[in-house]
Amino acid sequence: MSVPLRGRSLRTRLLVFLGVVLVGVCLAMALTMVLAQRAYLLGRLDQRVATAAERGADAVRSGPGSDADPGFRTAPGQEAGTLAARLDDDGDIMTAEVVTRDGGARALTARQRASLAGVEADGSPHNRTIPGLGTYRVSALDADGSLVLTGLPMGEVQDMLRHLIAVEAGVAGAGLALAGGVCAVVVRRQLRPLGRVAATAVEVSRAPLGRGEVSGLTRVPERDTVPGSETGQVGAALNRMIDHVESSIAERRRGEERMRRFLADASHELRTPLASIAGYAELMNRGTDPIEPVLAWRRVSAESARMTGLVEDLLLLARLDEGRPLRSAEVDLAVLAAEAVWDARAVGGGHDWQLELPLDAPALVVGDETRLRQALANLLANARTHTPGGTTVVTSVEATDARCVLRVRDDGPGIPPALLPTVFERFTRADSSRSRPDAGSGGSGLGLAVAAAITAAHGGRIEVDSVPGRTRFTLELPPAGDTSRPGPARARAPSPAPSPPPFPTARTSPLPGPPAYP
């Protein structure tokens, strides 16, 4: 039955299963009752047969009748239909009679007597079907050498059993019909929430998710998400899955939007220097325009450098996104910070560059010195580019057993609040315009993204907090002794940089001159 029902609905299968179970239970109860009632009725009939046999045997013992006398005529209280017979020593019937309804006796025919042959005289009851009389319950006894057979009809017992079966069949049929109707209503009502969950799933499956249309997806009603029931658990799980689908597709759309914006910005950033190079080359090829070759070559070199830096930043971001391992060696952040500040002072003389080294222990980390230097240089370049002249920029290094921290803070105008959530995304700029007066104005919007990617590749993190008059970038890295740092195995290697200058433990210096390295 499971094969035809395999493609049926759950409601149908439940109803069929409940129906089969109910029918089986009813049949078992009816059969048990019939068998119990039959055993009870046969027991009573056997008692009556035994009583009638004793009366017949007593009559034979006490009466002077011949062997042809069955013995029940003189026995009082014999019922209508009682059968009595005398048997010889070989078990053959010598005479047999049956009590009629009027109290008389009627002899059995030879055919009827033949149906009584073979009954053992052991007092146990036996069933015999006598032609014209029906089924009898008979028992044979030895009455002082005379074998007497006595029997009573089983018609009354059979009639009662047939009536009981008919009554049970009617009651069972009515009960099954009522139970089936109640089960159908209950199953339909109980599966109604599951139907609503299935309808929600079907509606969601028809939504054009491939085109990114994820707004307003249908949810399972709250009443069908109660965790106390299996249906509620399925409904709640479906709602969570729909939420995940929406968030995933929304994130994919945002990623696609970022990618489109990234490609557009990268294309424009590359096109601008290429157009400048092509323009100056064309002017130089004409040879008639009033332009100095030295100036033209200077502009070409500047735009080439700008384009080279942009391409290198893009390649670096691509490598970091792929998870390529970086060089691993021990790096002293104090040396790194000192050199980066001196480089920044050389490039941006209009700012006040200061260095703080409140160190009680060496600020040693394991990583790629070149990339860490690039990350710090990008932070300082960001401060130089986006703050006016005269701004104080302070670089500090701190070291504890749990972390090494680089901080770059300035007292400039700050980052616009709307820009803070995306300040570390690629091609994020304070001005949304793509136009640049020259190669040195503004930036490509990749500096902070590169710094964040380098920091993440070293198992650290970077964050920024900014208000007008105070902007601080914090770059945290695990110390060299931190074995929980993810990434490749660390190998101690000598740093190519010179030893740090002998700064005091806590010092803020305007750096009047470069330190003398031994």
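Predicted model: local features only at pLDDT ≥ 70, side-chain atom pairs only at ≥ 80, totals over all residues.
Helices α8 and α9 cross in a left-handed way. Two packed helices are described by the angle between their axes and the distance between the axes. For α8, which covers residues 369-386, and α9, which covers residues 447-457, the axes come within 9 Å and cross at roughly 145°.

Who does the touching? On the α8 side the contact is made by Arg-371, Leu-372, Gln-374, Ala-375, Asn-378, Leu-379 and Asn-382. On the α9 side, look for Gly-447, Leu-448, Val-450, Ala-451 and Ile-454.

Let's zoom in on Gln-374, which lies in α8. Is Gln-374 buried or exposed? With a relative accessible area of 19%, Gln-374 counts as buried, because the cut-off for buried is under 20%. Leaving out residues up to four places away in sequence, Gln-374 touches Asp-313, Leu-316, Val-450 and Ile-454. The side chain of Gln-374 also has a polar contact of 2.9 Å with the side chain of Arg-371.

Now for the salt bridges, of which the model has 15. One of them joins the side chains of Arg-252 and Glu-256, at 3.8 Å from N to O. Why are these two about one helical turn apart? Because they sit 4 residues apart in helix α5, which runs over residues 230-286. Arg-252 is partly exposed at 40% relative accessible area, and Glu-256 is partly exposed as well, at 37%.

Another salt bridge reaches across the sequence: the side chains of Arg-403 and Glu-476 meet at 2.5 Å, N to O. Arg-403 is in the loop between β10 (392-399) and β11 (404-410), while Glu-476 is in strand β13 (residues 470-477), so this pair ties together parts that are 73 residues apart in sequence. Arg-403 is partly exposed, with 33% relative accessibility, whereas Glu-476 is buried at 12%.

Arg-461 belongs to strand β12 (residues 461-467) and Glu-476 to β13, so here the parts tied together are 15 residues apart in sequence. Arg-461 is partly exposed, with a relative accessible area of 47%.

Key: Residues numbered from 1 in each chain as written. Heavy atoms only, no water. Axes fitted to C-alpha atoms, helices over the stretch in contact; angles between N-to-C directions. Left-handed = near helix turned anticlockwise from the far one by under 90°. Contact = heavy atoms within 4.5 Å. Buried < 20%, exposed > 50% of the residue type's maximum accessible area, 1.4 Å probe, protein only. Polar contact = N/O pair within 3.5 Å; in protein donor to acceptor, adjacent residues only side chain to side chain. Salt bridge = Lys/Arg side-chain N within 4 Å of Asp/Glu carboxyl O.
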